[in-house]
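User: Could you take me through the nonpolar core of this model, and then show me one of its sheets? I would like the cut-offs spelled out along the way.

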Amino acid sequence: YGITKTSGGKIWFAENNLPKIASFSPTKSGKVTISEHLIGALTTNYPTPHLITSDKSGNIWYSEGFAANIGEFMPRSNTYKDFNVSCSTPCSGIHISGIGVDSKGRIWFDDSLSARIGYYNPATGVVTTLTLSNTGAHPHDGLGLDSSGNTWFTEEFGGPTGMLGEIPAGSL
């Protein structure tokens, strides 16, 4: 589903129908060895990773869709942790999809069903969110952070042809 490259050049991707992410190192020949990493148990409601990104430490972060979680995989120890980012007040549904890391190490995400954009701060364990004024905007998948610290996201149903949204640096 999602794909990212770490600063060391390794390629990581999410295996959306299983609780796995996988990685490989590109080669000149094109032959690669894929390493799969389990990020949950194969139970009834196992996590399904969606989009994926990496932080400055080389840890891999992924969104978990309907589970209302984001996850962190630490390659050095081959371990993972899940962090709940559900609504603090009742909401109509949750689907965490877009994900990115800013220069402060905060993990940004979008929630398409609750029209929220937010971030998890690993240093404090605090989740901060903003509910969009257009609750039908459906911010899904597209989320990016620019070098000035602004957060950009797509609003699939933000207008007749969709829209882009921006959260200026320091405003959330």
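Analyst: Happy to, starting with one residue. Leaving out residues up to four places away in sequence, Ile-99 touches Leu-51, Ile-52, Thr-53, Trp-61, Tyr-62, Ser-63, Ile-70, Ile-107, Trp-108, Phe-109 and Leu-143, where a contact is heavy atoms within 4.5 Å. This is a predicted model, in which local features need pLDDT of at least 70 and side-chain atom pairs count only at pLDDT 80 or more, while totals for chains, interfaces and linings use all residues. Residues are numbered from 1 along each chain as its sequence is written, and side-chain values use heavy atoms, with hydrogens and water left out.

Ile-99 is among the residues with the most contacts inside the largest nonpolar core, which has 13 residues. Such a core is a set of buried Ala, Val, Leu, Ile, Met, Phe, Trp, Tyr and Cys residues joined through side-chain atoms within 4.5 Å; buried means under 20% relative accessible area (1.4 Å probe, protein chains only). Strands E9 (96-101) and E10 (107-111) each give two or more residues to this core; strands are DSSP runs of at least two E residues, numbered from the N terminus. A second, separate core of nine residues includes Trp-108 and Leu-132.

Now the sheet. Four strands form an open sheet in the order E1-E2-E3-E4, with antiparallel pairing (two strands pair if DSSP finds at least two bridges between them). E1 and E4 (35-38) have a single partner strand each, so one side of each lacks a neighbour in the sheet. E3 (residues 20-24) and E4 pair over four bridges, and Ala-22 stands opposite Glu-36 in E4.

Note on methods:
Buried < 20%, exposed > 50% of the residue type's maximum accessible area, 1.4 Å probe, protein only.
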